[in-house]
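Work through the exercises below with the sequence and the model at hand, and try each task before reading its solution.

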Amino acid sequence: MFGVVPKVLWERTNPADENNQIEMACRCLLVEYDSRLILIDTGMGEKQSEKFFSHYHRWGNHTLEGSLKKAGFAIDQITDVFLTHLHFDHCGGAVRYTDQGTLVPSFPNASFWVHKEHWLWATTPNVREKASFLPENILPLEKSGQLQFIEGSGPLLEKTPFPFSILLVDGHTEKQMLPIIDYRGSRLVFCADLIPTAGHLPIPYVMGYDTRPLLTLDEKSAFLKEAEENDVLLFLEHDPNHEIISLKKTEKGVRMKASYRLDSYFSVS
């Protein structure tokens, strides 16, 4: 998760266990807008084999369906599923097995949105990323007729089918999409894998999974500078301890100023 950064450094913020693994989340975001329910990313899902999941030592009892139910919604109410990119830990929950053993979209009434160039990248994968682009997570979306494409080279897409703009970044994978959401006077960016945890705020802390790590350095640097200057909140998809964070400028660069729970932050502000 930290590429070439030595463990003695990254472990200060993300301590490893006896298996040399760190705790991570697959946090999704639900956006309610008029008559639409837009789900951003879907986590790993539950359909992979026991052997597959054994590599990740899942913990906790959270499920996507359970979290939706807790928020007062059901699977069939989701109108749109926005997939930042198609790595299995971001889109695995988009497809499920039926009782008959066939693969179908998990959200029967939703449109599934992917960037067109990223779809081509994922369905004809390079050798390095092939293990992250699982056909069972991707091809059933196309077969269902529920797949929709977002187009544009960006890096900022302001005219979109959504009540938010989209920042495109290419360092992690081709045309990863980051929603930029304005809500109750604040601006919130769903950071996906540009900044997976608060421990990844230092510019050199780049994941070994990134296909273009030098580009990630430039994208992170520009993004964090603008985010700090404009008091943007970061929604962290993979950080189990920090849902949203604010930023501050330090002599070492942009760092976390404060950490908040999403619901408590907006309930008081």
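This is a predicted model: local features need pLDDT of at least 70, side-chain atom pairs count only at pLDDT 80 or more; totals for chains, interfaces and linings use all residues.

Residues are numbered from 1 along each chain as its sequence is written, and side-chain values use heavy atoms, with hydrogens and water left out.

**Exercise 1.** Determine how F190 and F235 are arranged as an aromatic pair, and where in the chain they lie.

*Solution.* Begin with the rule: rings of Phe, Tyr and Trp (its six-membered ring) pair if their centres lie within 6.5 Å, and planes under 30 degrees apart count as stacked, over 60 as edge-to-face and the rest as tilted. By this rule there are 16 aromatic pairs. Among them, F190 and F235 are stacked, at 5.0 Å centre to centre with 15° between the planes. The pair links distant parts of the chain, since F190 lies in strand β11 (residues 186-190) and F235 in strand β12 (residues 233-235), 45 residues apart; strands are DSSP runs (E, at least two residues), numbered from the N terminus.

**Exercise 2.** Decide whether S246 is buried or exposed, and list its contacts.

*Solution.* Locate S246 in strand β13 (residues 244-250). Buried means under 20% relative accessible area, exposed over 50%, and partly exposed in between (1.4 Å probe, protein chains only). S246 has a relative accessible area of 11% and is therefore buried. Finally, taking contact as heavy atoms within 4.5 Å, S246 touches L233, R255, M256, K257, A258 and Y260, not counting residues up to four places away in sequence.

Note on methods:
Helices (H or I, at least four residues) and strands (E, at least two) are DSSP runs, numbered from the N terminus.
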